[in-house]
Amino acid sequence: MANLKIRITFPEDKIKEPIIYNAGKNYKVVTNIRRADVTEKTGWVDLELEGEIEEIDKAVSGMKAAGVIVNPIEGDVIE
Amino acid sequence: MSKIKGLVCKECKSEYPAKAIHVCEFCFGPLEVAYNYDVIQTQISKEKIQQGPISLWRYVDLLPIESTPTVGLNTGFTPMVHSKNLGKKLGLDYLYIKNDSVNSPTLSFKDRVVAVALTRAKELGFDTVACASTGNLANSVSANAAEANFKCFVFIPSDLESGKILGNLVYKPNVVAVEGNYDDVNRLCSEIAGEYPWAFVNINIRPYYSEGSKTLAFETAEALDWQAPDHVVVPIASGSLLTKIYKGFQEFERLGLISGVKTRIHGAQAEGCSPVAAAFKRKSDFLQPVKPNTIAKSLAIGNPADGYYAIKIAEETGSIIESVTDPEIIEGIKLLAENEGIFTETAGGVTVATLKKLVNQGVFKKGESVVVYITGNGLKTQESIAPAVGSPWLIQPNLKSFQHILEKEKK
């Protein structure tokens, strides 16, 4: 089992969509929210994905395809 | 008792031992070093600092290492120039240029953070250091790793210009070009940092690494005869530098080394990558990640980890975060070179251009001191100014031809 800590950022047009629910439903990953700041227009959620690495990769790709921004919890590390 | 209390989460304040960890296990907030200031108070003094080494290590009592410094022994203590020409041009009597473009060993401010990170990495028992970088950070990690006998891995996006890589290869690190976009490289590095027992300087060693930035504030205050300036202008990439300059002044005041700190800490971004300035301008602390599109590559962080904290500090200190266009950046580079003889890279152009913008906005009052941080050397980004600096006079090898161009010059 692997785990990945990520931040997902919602653009305004995606704020109503159950992105996290769908990730857990469509892929074999456990989603565990730790911190969030969500308003009616935008927001971010810090969460952990746990599962086999292939399933985590698929979940990340699925969330990106659904229109949210997915980053490692560290933010950009290329300096 | 050690001067290092441990690591503390910036969000939920959970405490951790001072190991190679960077994220809070409870809330995933970033960790930073917490100090026992009562212990430091008994050790630090102006006299002790002044008698210390001519490097950033003169402030060792406020840096997160427990033994004798081993890396970057010549880093820091860079010149702080009282600008006459540029100051006059901008109407600032007390403009100072803190010139990290001549930092040692690799001519950028990154030498500060890497000196601290690698010294701490050695203390924690690591034999391999790593980073993900497109320029200055890679240079500094590679050079310092060579001198300190670390194995070194540098990760870069595979589409990076070859010229940027040459400066790294000469130190013989393992340069790994990753096929994929910046997001892919970020994700891979995050995974590698979790997988291998390496000191990834801006990931698992980040709490220590970022503390090195405080030395810019310390040196500034010491150079101003133990006073904090009225204003500083700081470039923003991840946002960490701005937050640590603030922390540096606060620590000096807390320990009684300076007093009456009211420094306004202004931030500077390139418009082509300005998520922090954009959020600040719309009075929001929510940062919308962006895809960078600017010549200021060394500031091009589209999803800055400390952007939120930079905004909070700017608000708290009544400061401004501005952005400037690529043409303004070029003008900023030229302004500094033509007036002060300092050739900075694009990040310095961002800072100088922002300084000029703040002057035009009437931010600085007469008699106030302003420090502008120049964080990198122009020789590293010469291609960016090539179209804007003209070309040499071409003459025949005779006096008449030379006099002809002199006449032109007079006109």
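Trainee: What does helix α5 (residues 136-148) of chain B lie across?

Mentor: In this predicted model, α5 of chain B lies across β6 and β7 (151-157) of chain B, at about 165° to β7(B). Helices (H or I, at least four residues) and strands (E, at least two) are DSSP runs, numbered from the N terminus. Residues count from 1 along each chain as its sequence is written, and chains are lettered from A in the order in which they are written. Local features need pLDDT of at least 70, and side-chain atom pairs count only at pLDDT 80 or more, while totals for chains, interfaces and linings use all residues.

Trainee: And which strands does helix α7 (residues 182-195) of chain B lie across?

Mentor: That helix lies across β6, β7, β8 and β9 of chain B, running at about 155° to β7(B).

Trainee: What makes β8 (174-178) and β9 (199-200) of chain B edge strands?

Mentor: The open sheet has the order β8-β7-β6-β9 (chain B) with parallel pairing. β8 and β9 of chain B each have a single partner strand, so one side of each is left without a neighbour in the sheet.

Trainee: How do you know that β6 (residues 128-132) of chain B pairs with β9(B)?

Mentor: Two strands pair if DSSP finds at least two bridges between them, and 2 bridges join β6 of chain B to β9(B). B:Val129 stands opposite B:Ala199 in β9(B).

Trainee: Why is α13(B) called roughly perpendicular to α14(B)?

Mentor: The axes (lines fitted to C-alpha atoms, for helices over the stretch in contact, with angles from 0 to 180 degrees between N-to-C directions) come within 7 Å and cross at roughly 90°. Angles of 65 to 115 degrees count as roughly perpendicular, under 35 as roughly parallel, over 145 as roughly antiparallel and the rest as oblique, so α13(B) is roughly perpendicular to α14(B).

Definitions and conventions: Contact = placed C-beta atoms within 7 Å.
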